[in-house]
Amino acid sequence: MKIKDHFLTQEEFEIIETETSGVYKTYPVPENLAPYYDSKDYISHHQDSGSLKEKLYKVLQNINLNYKKKLLIEYAGKGKKVLDYGCGAGEFIKYIEKDFDSYGFEPNPVARNYAKSKVKKSTVIDDLNILPDQSINIITLWHVFEHIDNQGDILDKFYNKLTDKGLLIIAVPNPTSDDALRYKEYWAAYDVPRHVYHFSKNGMERLMNNKKWKIRKIKPLLLDSFYISILSEKYKKSSLFGIKGLFYGLISNVKASKTGEFSSLIYIIEKK
């Protein structure tokens, strides 16, 4: 499938399958991805403009933040040491810092400074080597894993940093969801080339069930279908894109309640 960077440059990229069935990659991957994030409209890095799109994002984000925190408490308990890898503007670590010993890793200097300005107890870093091996109980990647090109190397680092039976929690968009199949090349969660990889449910299961890792549970991010469908309708230049996006986001969730193919999925993965 050929897909445009609808968000920023309008450049065209291709989605190709990797050697892991169900895992796809953007082609070609630009040598320098930094310019593709260089926009005040890129919400995970900038969340203070007050735009309508950002306000909608924040409403959904606050509901999701509470949901994510409850998952951490359910599967690990309060008081654990948590690293949010790719913490962006720091909203998640700010939200959980009263209940967890929280750290945020963020390579983008603008987003990292936003995060540092927001948190009170959390520590924001740009170098994983600061953290001793086997010192972290939970590592979270909320829509970050798909941005990483050298995933094998990163997974090895996570394995070393986690304690025995530590948890790796990865949330990624699902290109076999109903909204992805509906919108095809206009599906906003492809977000090429910022999303280097694209993971179907089957693909993630093949990738993460191995000698080092085991998927314990797969959970949905129910609100993502609405936000992604609204953006996708906007990319299609639809009239009443907000109403249509809400409708088709709901349809996607209803169908996924039977198939498990939600727009975004959270994989709770245990270190063996």
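Helices (H or I, at least four residues) and strands (E, at least two) are DSSP runs, numbered from the N terminus. This is a predicted model, in which local features need pLDDT of at least 70 and side-chain atom pairs count only at pLDDT 80 or more, while totals for chains, interfaces and linings use all residues. Residues are numbered from 1 along each chain as its sequence is written, and side-chain values use heavy atoms, with hydrogens and water left out.

Thr 9 sits in the loop that links strand 1 (2–4) to strand 2 (12–17). Its relative accessibility is 32%, so Thr 9 counts as partly exposed; the term covers values between buried, which is under 20% relative accessible area, and exposed, which is over 50% (1.4 Å probe, protein chains only). The side chain of Thr 9 makes a polar contact of 2.9 Å with the side chain of Asp 5. A polar contact is a pair of N or O atoms within 3.5 Å; within protein, one must be able to donate a hydrogen and the other to accept it, and residues adjacent in sequence count only if both atoms are side-chain atoms. Thr 9 and Val 192 are 183 residues apart along the chain, and their C-alpha atoms are separated by 10.0 Å.

Leaving aside neighbours within four places in sequence, Lys 4 is in contact (heavy atoms within 4.5 Å) with Gln 10, Glu 11, Glu 12 and Val 192. Lys 4 is partly exposed, because its relative accessibility is 40%. From Lys 4 to Ile 16 there are twelve residues in sequence and 14 Å in space, C-alpha to C-alpha.

Not counting residues up to four places away in sequence, Tyr 24 touches Ile 15, Ile 16, Glu 17, Thr 18, Val 196, Tyr 197 and His 198. At 25% relative accessibility, Tyr 24 is partly exposed. His 143 is 119 residues from Tyr 24 in sequence and 16 Å from Tyr 24 in space, C-alpha to C-alpha.

Next come two cis peptide bonds. One joins Tyr 27 and Pro 28, with omega about -10 degrees; Pro 28 belongs to the loop between strand 3 (23–27) and helix 1 (52–75). Another joins Val 192 and Pro 193, with omega about -5 degrees. Pro 193 is in the loop between helix 5 (178–183) and strand 9.

That loop between helix 5 and strand 9 also holds Lys 184. Phi of Lys 184 is near 50 degrees, a positive value in a residue other than glycine. With 48% relative accessibility, Lys 184 counts as partly exposed. Gln 134 is not a glycine either, and has a positive phi of about 55 degrees. Gln 134 is found between strand 6 (123–125) and strand 7 (136–142), in the loop, and is partly exposed at 47% relative accessibility.

Ser 200 lies in the loop between strand 9 (197–199) and helix 6 (201–208). Is Ser 200 buried or exposed? Ser 200 is buried, because its relative accessible area is 5%. A polar atom of the Ser 200 side chain lies 2.9 Å from the backbone oxygen of Gly 22, and a polar atom of that side chain lies 3.0 Å from the backbone nitrogen of Gly 203. Beyond its neighbours within four places in sequence, Ser 200 is in contact with Gly 22, Asn 174, Pro 175, Thr 176 and Tyr 267.

The last stop is a pair of helices. The axes of helix 7 (residues 224–235) and helix 8 (residues 241–259) come within 7 Å and cross at roughly 135 degrees. Helix 7 is therefore oblique to helix 8. Axes here are lines fitted to C-alpha atoms, for helices over the stretch in contact, and angles run from 0 to 180 degrees between N-to-C directions; under 35 degrees counts as roughly parallel, over 145 as roughly antiparallel, 65 to 115 as roughly perpendicular and the rest as oblique. Residues in the contact include Phe 226 and Ile 230 of helix 7, and Leu 246 and Leu 250 of helix 8. Helix 8 also contains Phe 247, which counts as partly exposed at 47% relative accessibility.
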